[in-house]
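Good morning, and thank you for joining.

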Amino acid sequence: MYLAIIGFLMVFAIVALLLKGKMSPIVVLIFIPAVAALLAGFGVIEVGDFIKEGVKTTMNNAVLFIFSVIFFGVMSDVGVFDIIVDFLVKRAGANVVAITVVTAIIAVIAHLDGATATTVLITIPAMYPIYKRMNIRPHVLLCITAAGMGVMNLLPWGGPTARTATVLGMEATDLWHILIPIQIFGVITTIALGAILGVIEKKRGAGVAMAAEESSEIKTEADAKADELKRPKLLWVNALLTIGLIVTLMFDVVTSYVVFMVFLSMALIVNFRTLKEQDARIKAHAPSALVISATMIAAGSMVGILSGTGMLEAMANVLIGIIPEALGRFIHIIFGILALPLGMMIGTDAYFYGVMPLVIEVGTKYDVTALNTALTMIIGKNVGLMISPLVPATFLAIGLVDVELKDHIKFSFKWLFMVSLVTMIAGFVMGIIRF
């Protein structure tokens, strides 16, 4: 019981500190569990061994994240997505439904790099002027972008999938292979959502173009985005590199981080010939890559302490005594339904490293596999990513379209919650998630 109390206090402290944002997640995930283990009576050498074992489980995913973030950052720099976006926008023309559907497609493509800020900065500036001209509410743009971001964030280099893989002690790419059918269904659902919202907007009177002078303003703004890093003459080479990387990952030929290491090297050689240019691109994307990777390694130390000390099992036994036995076998479904609202209120690290391991441990006592619980919990959390006030990209997005957070959440919550539930149900129907 003493071990369980310390464990609950530790989880509470971790979640509270991560929510307050007063300390770095790296500090929180290393220091608090280490102190808790010492208070539980374990020696310094034992704690060090727990951390060592835990870190071993996260290193592959940490290395994957470093090279994947830099690779897709470079692809974004050189303009791989720009021509695709321009083509889709032109095809949509003045058709309201086509515009909202194209928004969904752009959001999905833009989130190939797994970076929320990149998705926002590619999708919203490209589409917002068109939305204004066609009298489509900006809330629709935010909602569709959020849905596209949510389903695409299941990629192995997306933070939530890598974090979940860390908790499960498996490769992020292996987890993604399981999630691919769910992700494909999620993409189709997002496009369908775009079409539904387009029909609703058309019924509201959207589609009446505004003055022609605004159109010239749009072109001027688009011209101002020209960047010396773009490589239009190498577009097809870079597109083939990106497609080749994804196909290689899908066939699981070699370890995923090795794939990214090789393809990143090729991308830098093709697009940036000098040492100075290559170093500049690596340094430009290294901060975000290293921070998330370091956080994963720190989380590994926490996972190691939780399992090594026996805290996780002790806490689970306490919860089993509280949860009615009739509901125990459905715990993964319950938390799958609650994933989106819970994920909105709890930060990503707190959710995946604080709540998920505990729910998984309780589920195993009722013969619910760790993978089943993780799959239900990751879907809703991902879809709710861009309506969470704890995600910086949320504020970036609402700032670009001048919409208040409460209005964004009020409009988007019901639609994203439906996407979350429908996608989870599809997982059950396809037999990927089991009752």
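Let me begin with a term: a polar contact is a pair of N or O atoms within 3.5 Å; within protein, one must be able to donate a hydrogen and the other to accept it, and residues adjacent in sequence count only if both atoms are side-chain atoms. This is a predicted model, in which local features need pLDDT of at least 70 and side-chain atom pairs count only at pLDDT 80 or more, while totals for chains, interfaces and linings use all residues. Residues are numbered from 1 along each chain as its sequence is written, and side-chain values use heavy atoms, with hydrogens and water left out.

I turn to T309. A polar atom of its side chain lies 3.3 Å from the backbone nitrogen of M311. The backbone oxygen of I305 is 2.5 Å from a polar atom of the T309 side chain. T309 belongs to helix 14, residues 275-309; helices here are DSSP runs of H or I with at least four residues, numbered from the N terminus. With a relative accessible area of 6%, T309 is buried, a term that means under 20%, whereas exposed means over 50% and partly exposed lies in between, with a 1.4 Å probe and protein chains only. Leaving aside residues up to four places away in sequence, T309 touches L3, A37, F42 and F50, where contact means heavy atoms within 4.5 Å.

Next, the rings. Rings of Phe, Tyr and Trp (its six-membered ring) pair if their centres lie within 6.5 Å; planes under 30 degrees apart count as stacked, over 60 as edge-to-face and the rest as tilted. How many aromatic pairs does this rule give? The count comes to four.

One of them joins F71 and F260: the centres are 6.1 Å apart and the planes at 70°, so the pair is edge-to-face. Because F71 lies in helix 4 (residues 59-77) and F260 in helix 13 (residues 256-271), the pair ties together parts that are 189 residues apart in sequence. F71 is buried at 0% relative accessible area, and F260 is buried at 0% as well.

The rings of F413 and F417 have centres 5.5 Å apart and planes at 25°, so this pair is stacked. Both residues lie in helix 21 (residues 405-429), four residues apart, about one turn of the helix. F413 is partly exposed at 26% relative accessibility, and F417 is partly exposed at 21%.

Notes. Helices (H or I, at least four residues) and strands (E, at least two) are DSSP runs, numbered from the N terminus.
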